[in-house]
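Let's walk through this one from the whole fold down to a few aromatic rings. Have the viewer open as you read.

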Amino acid sequence: MSGTMYDYIFEQPMALRRVFDHRKEDAAVFTRLFQKSKPGRIYLIGSGSSLNAAKAAALAMEELLDIEVTPVASSAIPKFRDKSPFLIFISQGGNSTNTIAAIKQHLQYPHMAITGEEKCTINDISEHVLIRCEEEKAGPKTKGYVSTFFLLYCISLEAARELGSISEDEYQRRVTQADQAIQQMTGNIQSAVTWFERHAQEMKKIRKCICVGKHIGQAAALESALKLQETMLIPASGYEYEEFLHGPDMALDEEMAGLYLIPEKSDSDYERFVGLVEYHRSKSPYVYTVGGGEGFDSEKDLRIGEMDSEALKLFCWCLPSQIMGAKIPALTGKEGKGHIIFEELDKILAIKAKHQK
C-alpha cells in the first residue's frame, strides 16, 4: 500500500477486525474507569472526523449503557452541571491542539483518551486506549473514522455485559452482527467502487451537495459532507432528515447534488425518504442513495448493508463519500490542493501540535 486515501479505504476491514479482536482488553480500561467514577453522563470530546464518529457512537452507547452520552467539540466544552461527568477525549493523530488544551483544562474530572497513535502528545498526559487503525497519512480520515466509531461501540458493548445493562442473549446477538458486518466489508467496498466507476464522469461535475440521514445516519451524513468538502473542495452540508425539510430543502435546484443514507424499511420515514429522493431527482441529475430497499432500485442507488443492524450500517453509508473524495479530485485537477490549504492554515493557526519524541 502506498498510503493514499484510496488505499486506506481498502484497509478498513482489517482495521475493524483488529478493533473487534482486541475489544475485551480495550474495554477493560474503559470499564474500570467507568465503575470507579460512577458517572451520571459521558462526554465524548473531539474535532472533525473524531467528533463525527462520537456523534454516531453516542446513540449506540446510550442504548447499551443506559446513560446519557453527549458529544461535544473540543473547543466548545460546556460547563458541567452533572455531579459526576466522565470525559472521553478522541483524537486519531493524538496531536490536535484544541483537544490537548481541553484535556489540560479538565484534568480534575475522570477521563480517558482514545487515539490512533501510541506516540503522541495526548497519550503523554492521559490514560488511553488505541483505536488500532494503524497509521493513516492521508489528511481526510477513512479507516480512522470507522475504527473510532467501532471502538466506542465495542468497549460499550463489553462494559454493558460486565455491568449487566444488557442480557447475555443481546450481547451475543450484537457480537454476531458485528462479526458479520466486518466479513461483508470487503465485498461492500468493491460494490461501492464499481458503482462509483459507473458514475465518476457525472460525479466530477458536482459543485455542491447535501447529505441526509436519520438517527445514526445523521452522523454519517455529517461525516459524508466533511469528506466531500475536504477532498473535492466543494460546499457540502450534512442534515438530519426532518431538519432538512425545515429550510435547507429550499436550496434544491438542478446543481444541488444529493447523497441520501436510507434507513431500514421498517423506519416510519422510509416512504418519505422515497418521496424526497424522487422529488430531488426531478430537479437534479446528481442524486444518489446508499442502503437500499425495494424503493431504491435505479442504477444510482447503491444497495449495500441492507442486512446490517442500523448502528453498523454506518460502515456502508460512508463508503460513497470516501471513494468520491479519494478519486474525484484527480478528475477535476484538485488532487492535493486540500493538503496545501491545510498546511498553509496550520502554519498560521497551529492546528496540529508537533509531538516531542
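Of the 357 residues in the protein, 55% count as buried, where buried means under 20% relative accessible area, exposed means over 50%, and partly exposed is in between (1.4 Å probe, protein chains only). Keep in mind that this is a predicted model, so local features need pLDDT of at least 70 and side-chain atom pairs count only at pLDDT 80 or more, while totals for chains, interfaces and linings use all residues. Residues are numbered from 1 along each chain as its sequence is written, and side-chain values use heavy atoms, with hydrogens and water left out.

Now for the overall build. The secondary structure comes to 14 helices and 10 strands; these are DSSP runs numbered from the N terminus, with helices being H or I of at least four residues and strands E of at least two. The protein is as compact as a globular protein of its length, because its radius of gyration is 20 Å, close to the 21 Å that the globule rule gives for 357 residues. That radius is taken over C-alpha atoms, and the rule is 2.2 Å times the number of residues to the power 0.38. The C-alpha trace spans about 55 × 50 × 40 Å along its principal axes.

How do the contacts run along the chain? Taking contacts (heavy atoms within 4.5 Å) with a separation of 6 or more, 73% are between residues 24 or more positions apart.

On to the aromatics. A search of the whole structure finds 14 aromatic pairs. Rings of Phe, Tyr and Trp (its six-membered ring) pair if their centres lie within 6.5 Å; planes under 30 degrees apart count as stacked, over 60 as edge-to-face and the rest as tilted. Phe30 and Phe34 make a tilted pair, at 5.6 Å centre to centre with 45° between the planes. These two sit four residues apart in helix H3 (residues 23-37), so about one helical turn separates Phe30 from Phe34. Phe30 is buried, at a relative accessible area of 0%, and Phe34 counts as buried too, at 11% relative accessibility.

Tyr239 and Phe244 also form a tilted pair, 5.5 Å centre to centre and with 50° between the planes. Finally, look for Phe20, Phe149, Phe150, Tyr153 and Phe315, which form one aromatic cluster.
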